Amino acid sequence: MDIETRAEQPYAAVKATVTLDTFAKIADRFPELMRWLADRELPITGAPFLRYLRVTGEEFEVEAGIPTVAEVPGEGDVFTSTLPAGQYLVALHEGSLDGLAATTDELLAHAVRFDRDGDRWGARLETYFTDPAVEPDQSKWSTEVAIRLAD
């Protein structure tokens, strides 16, 4: 685990409230976002991510996002926003997505103050560095978990 200082990062996204059983409702929308960016000739500047805005028991308010060079007017379900600058506690998870919860729990166990207000998070991210269409072997997947620290 490391602490990284990050600059603001514009991104395009869609948002949904999901449960563990309905998570695909948001996670499967990355191709739509990539098409949206390509149609507007906006370069993708990083790996796709999920931003957890609210986490309560069984329910998650989540954005599926893709970093880009600038905020532009959204259209339909797609909007643009900016991840906040600041310090992030970061861990890299190697392998199946089934282990992400344990990696997140390890980060949350640290005695630091996170950017959160109750069940709302300022910036709690999972960034997916491996494209499952290119590498189907989940044991070779690489995913970063990053949570912004309080100022």
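Buried means under 20% relative accessible area, exposed means over 50%, and partly exposed lies in between (1.4 Å probe, protein chains only). Helices (H or I, at least four residues) and strands (E, at least two) are DSSP runs, numbered from the N terminus. The views below show a predicted model, in which local features need pLDDT of at least 70 and side-chain atom pairs count only at pLDDT 80 or more, while totals for chains, interfaces and linings use all residues. Residues are numbered from 1 along each chain as its sequence is written, and side-chain values use heavy atoms, with hydrogens and water left out.

**Figure 1. Strand β3 and its pairing partners.** Six of the eight residues of β3 are buried, and the strand is thus described as mostly covered. Two strands are said to pair if DSSP finds at least two bridges between them. β3 pairs with β4 in the antiparallel sense over seven bridges, and Arg 51 has Glu 63 as its bridge partner in β4. The hairpin of β3 and β4 has two residues between the strands, and Gly 57 takes a positive phi near 45 degrees there. β3 also pairs with β9 in the antiparallel sense, over three bridges. Here the bridge partner of Leu 50 is Glu 126.

**Figure 2. The largest nonpolar core.** A nonpolar core is a set of buried Ala, Val, Leu, Ile, Met, Phe, Trp, Tyr and Cys residues joined through side-chain atoms within 4.5 Å. In soluble globular proteins, nonpolar side chains tend to be buried together. The largest core here has 28 residues, of which Val 18, Phe 23, Ile 26, Leu 33, Leu 50, Val 62 and Ala 64 touch the most other members. Two or more residues of this core come from each of β2 (9-19), α2 (30-39), β3 (49-56), β4 (59-67), β6 (86-94), α3 (100-108) and β10 (142-148). A second, separate core has nine residues, including Leu 83, Val 90, Ala 123 and Ala 146.

Figure 3. Contact means heavy atoms within 4.5 Å. Neighbours within four places in sequence aside, Leu 50 is in contact with Phe 23, Phe 30, Val 62, Glu 63, Ala 64, Arg 124, Leu 125, Glu 126 and Tyr 128. Val 18 lies in strand β2 and is buried, with a relative accessible area of 2%. Not counting residues up to four places away in sequence, Val 18 touches Phe 23, Lys 25, Ile 26, Glu 58, Glu 59, Phe 60 and Val 62.

**Figure 4. Salt bridges around Glu 61.** A salt bridge is a side-chain nitrogen of Lys or Arg within 4 Å of a carboxyl oxygen of Asp or Glu. The whole structure holds eleven salt bridges. One of them joins Glu 61 to Lys 15, with the closest N and O atoms 3.6 Å apart. This pair links distant parts of the chain, since Glu 61 is in strand β4 and Lys 15 in strand β2, 46 residues apart. Glu 61 is buried at a relative accessible area of 11%, whereas Lys 15 is partly exposed at 44%. Arg 120 also forms a salt bridge with Glu 61, and the closest N and O atoms are 3.2 Å apart. Arg 120 lies in strand β8 (residues 120-121) and Glu 61 in strand β4, so the pair ties together parts that are 59 residues apart in sequence. Through shared partners, salt bridges join Lys 15, Arg 54, Glu 59, Glu 61 and Arg 120 into one network.

**Figure 5. The loop between α2 and β3.** Glu 41 is found in this loop and counts as exposed, at 71% relative accessibility. Although Glu 41 is not a glycine, its phi is positive, at about 55 degrees. Most residues other than glycine have a negative phi. Arg 40, in the loop between α2 and β3, is linked to Glu 75, in the loop between β4 and β5 (79-83). Their salt bridge has its closest N and O atoms 2.8 Å apart.

Figure 6. Leu 100, Thr 103, Thr 104 and Leu 107 of α3 are buried. They cover an arc of only 100 degrees around the axis, which puts them on the same side of α3; the arc is that of the directions from the helix axis to the C-beta atoms. The buried residues of α3 pack against β6, β9 (124-128) and β10. His 93 has its place in strand β6 and is buried, with a relative accessible area of 10%. Its side chain makes a polar contact with the side chain of Thr 103 (3.2 Å). A polar contact is a pair of N or O atoms within 3.5 Å; within protein, one must be able to donate a hydrogen and the other to accept it, and residues adjacent in sequence count only if both atoms are side-chain atoms.
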